[in-house]
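Dear colleague,

I am handing over the structure below, and I would be grateful if you could look through it alongside the notes that follow. They begin with a term that is needed later on and then go through what was found.

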Amino acid sequence: MAGRLPGAASAAAAPLPRALLLLAALALFSLTFLSLRSLRPAAAPPSLAIGGSRPSSFARPSVYHSAEAFAAGYAEMERSFKVYIYPDGDPKTFYQTPRKLTGKYASEGYFFQNIRESRFRTGDPDKAHLFFVPISPHKMRGKGTSYENMTIIVKDYVEGLINKYPYWNRTLGADHFFVTCHDVGVRAFEGLPFMVKNSIRVVCSPSYNVDFIPHKDIALPQVLQPFALPEGGNDVENRTILGFWAGHRNSKIRVILARVWENDTELAISNNRISRAIGELVYQKQFYRTKFCICPGGSQVNSARISDSIHYGCVPVILSDYYDLPFNDILDWRKFAVVLKERDVYQLKSILKSISQEEFVELHKSLVQNISCPQVQKHFVWHSPPLPYDAFHMVMYELWLRHHVIKY
């Protein structure tokens with residue numbers, strides 16, 4: 001028969017090999033189908049809506065390590081996360097909200113107030129994922145409590161909770177946390193080495209010389225609120241100064257920064273805070289005119305200047321070794337900041353000048369625009385009551401991430 005392949009008759013006479021060939025073809029088709037299916041894009045992640053606005057999905061470039069994971073985890077946190085606040089404590093010392101919500105330690109006060117205003121608080125310890133030990137060293141410090149007495153008060157209080165309640169002993173404190181922005185507040189727990197080792201410490205000064213443990217402890221953003229001027233926006237054309245820093249020389253890196261660059265014509269570096277006598281809000285207005293704001297570590301690795309830079313739309317230049325940046329496991333800081341080692345201070349100008357205008361614009365946009373909803377600026381502001389995706393909710397999300405690894 002015309003068109004008949006050679007050997008076709010023999011194939012028809014051998015049904016078993018033909019059946020095997022058919023099975024092999026079906027297997028190959030199934031594998032191909034499954035492979036192609038695996039290449040299809042995953043279902044869209046939950047979109048994030050800010051303040052009741054129309055939801056929008058994450059777009060590229062994203063400032064998050066995983067925008068999809070953040071969206072899904074944040075939604076689950078809002079739905080189910082619960083924290084129990086111990087009711088004990090003398091309201092005249094540390095139990096109540098700290099004395100004020102202003103200044104460089106405002107983050108501590110806001111957290112104390114926000115946690116009581118939020119949906120995360122539960123009065124049933126059996127439903128709690130984590131337990132908050134409500135000690136405010138900032139408030140004690142404001143009342144004139146010495147460091148030595150503060151340490152005694154903290155130790156007596158925590159040991160009282162351990163003896164009165166059964167919850168600490170279930171995990172040796174691993175599902176407990178405390179919050180302090182004052183650097184002295186971190187030291188106030190030195191009399192409780194088991195708490196330093198086991199519990200989650202939410203601190204503004206995540207220095208490794210005070211036993212800060214990344215991925216267990218949390219870097220609390222140090223935010224100097226209220227901000228004197230509105231947040232910076234899409235104002236690239238106004239940013240004609242290459243770099244800016246003005247402050248006190250209270251660390252080695254700041255001394256070097258001032259000594260090397262204070263007379264430079266392109267870097268506006270001053271070894272002292274800008275005097276108010278020069279004019280009103282001159283320091284803050286300088287942020288609006290600068291491309292890169294230098295953020296050297298002070299007496300601690302942290303600095304409120306970082307949140308100032310973010311608020312005013314000036315790309316922060318982190319100049320501090322071993323700083324576990326706030327929300328570092330959520331935000332990709334290199335998308336909206338320049339992260340350097342302290343030894344880079346000597347090449348600071350050449351490093352900044354090597355960043356092209358196009359690269360600077362992308363960093364600035366990632367900082368201030370809604371291209372990766374919500375924008376970075378919203379994560380570094382405190383509100384009362386708290387708002388979605390603000391600093392309080394980002395800290396709660398960090399706590400939410402850590403509670404998953406505490407399984408006893």
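A residue is called buried here if its relative accessible area is under 20%, with a 1.4 Å probe and protein chains only. Please keep in mind that this is a predicted model.

His379 sits in the loop that lies between α14 and α15 (391-403). Because its relative accessible area is 0%, and the cut-off for buried is under 20%, His379 counts as buried. The side chain of His379 also makes a polar contact, at 2.8 Å, with the side chain of Tyr64.

Helix α14 itself, which spans residues 357-368, lies across β9 (290-296), β10 (315-319) and β11, and runs at about 100 degrees to β10. These strands belong to an open sheet of five, in which the order is β8-β7-β9-β10-β11 and the pairing is parallel. At the edges of this sheet are β8 (267-270) and β11 (338-340), each of which pairs on one side only, and from one strand to the next the twist averages 20 degrees. Strand β7 (residues 241-246) runs parallel to β8 and is joined to it by four bridges; Gly243, for instance, has Leu267 in β8 as its bridge partner.

Turning to helix α10 (residues 252-261), its buried residues are Ile253, Arg254, Ile256, Leu257, Ala258 and Trp261. The elements that cover these buried residues include the strands β7, β8, β9 and β10, together with the helices α12 (305-311) and α13 (348-353).

Key:
Residues numbered from 1 in each chain as written. Predicted model: local features only at pLDDT ≥ 70, side-chain atom pairs only at ≥ 80, totals over all residues. Heavy atoms only, no water. Pairing = 2+ DSSP bridges. Helix = DSSP H or I, 4+ residues; strand = E, 2+ residues; numbered from the N terminus. Axes fitted to C-alpha atoms, helices over the stretch in contact; angles between N-to-C directions. Contact = heavy atoms within 4.5 Å. Buried < 20%, exposed > 50% of the residue type's maximum accessible area, 1.4 Å probe, protein only. Polar contact = N/O pair within 3.5 Å; in protein donor to acceptor, adjacent residues only side chain to side chain.
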